[in-house]
Amino acid sequence: MSEVVAYTRQGSIGVISVNYPPVNALSHAVRTGLVAALKQGQNDVEVDTLLLVCEGRTFIAGADIREFGKLPKDPSLPDVINAYEKSDKPIVAAIHGTALGGGLELALGCDYRVALKSAKLGFPEVKLGLIPGAGGTQRLPRLVGAYKALEMITSGDFISAEDALAQGIIDFIGDDDAIHITGLAYAQKLSKENSPVRRVRDINHKIEIDKESDVFDQFRAKLEKKSRGLFSPFKCVDAIEAAFTLSFTDGLKRERELFKECMESFQRDGLIHSFFAEREASKVKGLSKNTPIREIKRVGIIGAGTMGGGIAMNFANIGIPTTIVDVQQEALKHGIEVIRRNYDSSAKKGGLTVEQVEERMRLINTSLSYEALYDVDLVIEAVFENMAIKKEIFSKLDEVCKPGTILATNTSTLNIDEIASATQRPEDVVGMHFFSPANVMKLVENVRGTKTSDEVKATVMAVARKINKVGVMVGNCYGFVGNRMLHQRGTEAIALVNEGATPQQVDKVLTDFGFPMGQFAMSDLAGIDVGYRIRKERRNAGEMVPIGWLDKLAEQGRFGQKTQAGVYKYNAGSRVPFVDSEVEQLIEAFRKEQGIIPREITDQEILERCVYVMVNEGAKILEEGIADRSLDIDVVWIYGYGFPAYLGGPMFWAEQIGLNNILESVRGYSKTVGGKQWKPAQLLENLVAEGGKFKEL
Ligand code: 3HC
């Protein structure tokens, strides 16, 4: 008897139940158990119908991803599914939670499918750099036709049980909360009616209809834009097309070949690392699972700017009342208008109903007074980067907020401990660094101060998850993890232009690498004036900060997209950058003024200087304990800055390139370019000397 798959009898129904927490993934033990239980069912003369059902929180959520890359063990998943499909007794798959990937493929290998109303179905393989590899690309189109199959499999998005019923993927939706009752009732009905087997492989009318369709080429063209740089979405189209051009058996073979190609691709490695890294990042080192978490029922935000408004939306979206405080009525009015515009735009695109917009707007209140925050459970300060102002705000919050309120700052660079020192409760002070636009970007860099309590750390991590973000806990230093590394990349990008590259060359190297935008397009988006003001303040304070060509652009009022001119120029209302000859001239004049003779710079040098410098800084961040694990840095960069997930994040990517190769280049640039940023991280030196890896630390 398998420990993870049981066979029992309920009258004329043989029940095969899977119990392999947390998500009933199709591990070797589960596959073996499924085959054994099927055999029992087949041999059981008392039963005429079988029911496949899962224990715990979900139906089977896919192949066991942890087994990928290991030596495959029989029975393979396609063999298991083929055996289920061949059964001479009809099998009902009863779905609750999520039926994903190999789980849905197994359900499609059964004859009938029922689900609870709350269930979700999908093929997320593409998000792991794969295609469905156990018949999904051949069976799904037989039920839903080419277009829907392409849509589901290339997006990886889940669909609801209702949608699945409408599409003919499932046969029935049960109202009962208990999947066993729903499944059993359906199987009993089939048994009573003497229902025959009904194999998906034999359903061919939709294949005939779409056989000559040009939808495959249309989809490929669509993916050229949507899935730039990705490998597996195109393989999904090839596999689905095979369902329309080959026999079922040959289609399965073709699917297997394409699945293997994806399995062997580096993108699969990177995406699976990203999947597990995201989940690991939620487990903070040194923080016990049993750490109490404070309940967050009301939230306060300080500052009605773009950041404050975006952050407030996250809480309203999950039904938490939020009060925004600002010192100017005009700012509050404008902030609320922006929030409404954002919601209205979602409603126009069909993401929200008008009622939902109104409900969320009702949850966001405003006030000119800090007193309005006396009973909130969490305050997030989101005003501009000025230590004196932030300290004043925290001191006021300390006065008005009830004991136990978490006082968080959205600072992107400033010292959390210094901010905390303005209060009598530094243990309740923490950083919650959101990324712009805060209602969209998935990352929250949670920054621990020296005195931040475990309870507060655990709570802000839970808050991030609750508002559907990815939280990463990091230590306190200038720029924390993300901006500290970005700062080094920015410095190198500017230096490369000083030396002879063009901004567009630098940006193209970065976008070809896989970033959604280049360094300079990003400066234009964020606003060149921001950095300019910071540098000016530092100069006013007596620091030696040389004037660069970006400062000269800012002095001309070229602040970026908002002024339709920055490093690039923009047409009114458009975000599409154009090269501006005026900027080229300004850079040329700057070089002359500095006595720089421009040289030809290769794309390889740009790539190395922009990305290796980040890896070197990342190693210093690890060495100093600012990040606990290299995967935390990877997650910050994937979710905060669009580092391509298929490369696994900067630290994972560095290991693919080879830490010895990175170190050799870093040492080289340390001699030719110089500067603190190129001083090799001791950790990098040590790992190369010992043959170690970031991920083994
Ligand atoms: N294999 C192994 N472990 C898995 C897994 C899988 N397919 N799916 C989830 N897990 C693990 C997670 O790593 C996590 O482990 P941890 O507790 O040790 O960190 C645990 O299960 C719970 O996962 P989540 O924290 O993500 O829980 P949620 O409730 O938020 O989400 C989920 C559940 C929707 C099932 C989500 O985990 C998910 O999307 N999983 C991936 C599903 C997937 O991609 N399936 C396709 C696999 S590829 C395949 O099937 C190939 C086939 O076509 C041949």
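Q: Ala, Val, Leu, Ile, Met, Phe, Trp, Tyr, Cys and Pro count as nonpolar, Asp, Glu, Lys and Arg as charged, and the others, Gly among them, as polar. How do the residues of the shell around the ligand divide?
A: 14 are nonpolar, four polar and eight charged. The model is predicted: local features need pLDDT of at least 70, side-chain atom pairs count only at pLDDT 80 or more, and totals for chains, interfaces and linings use all residues. Residues are numbered from 1 along each chain as its sequence is written, and side-chain values use heavy atoms, without hydrogens and water.

Q: Which of the 26 residues come nearest?
A: R57, E105, E125, R279 and K283.

Q: What does the side chain of R279 do with the ligand?
A: An N or O atom there sits 2.6 Å from a ligand oxygen. That is a polar contact (N or O atoms within 3.5 Å).

Q: How much of the ligand does the protein bury?
A: 80% of the 980 Å² that the ligand exposes when taken alone. Areas are Shrake-Rupley, 1.4 Å probe.

Q: Which element gives the largest share of the shell?
A: Helix α11, with three residues. Helices are DSSP runs (H or I, at least four residues), numbered from the N terminus.

Q: Is C54 buried or exposed?
A: Buried, at 1% relative accessible area. Buried means under 20%, exposed over 50%, partly exposed in between (1.4 Å probe, protein chains only).

Conventions
A residue is near a molecule or strand if one of its heavy atoms lies within 4 Å of it. A polar contact is a pair of N or O atoms within 3.5 Å; within protein, one must be able to donate a hydrogen and the other to accept it, and residues adjacent in sequence count only if both atoms are side-chain atoms. Helices (H or I, at least four residues) and strands (E, at least two) are DSSP runs, numbered from the N terminus.
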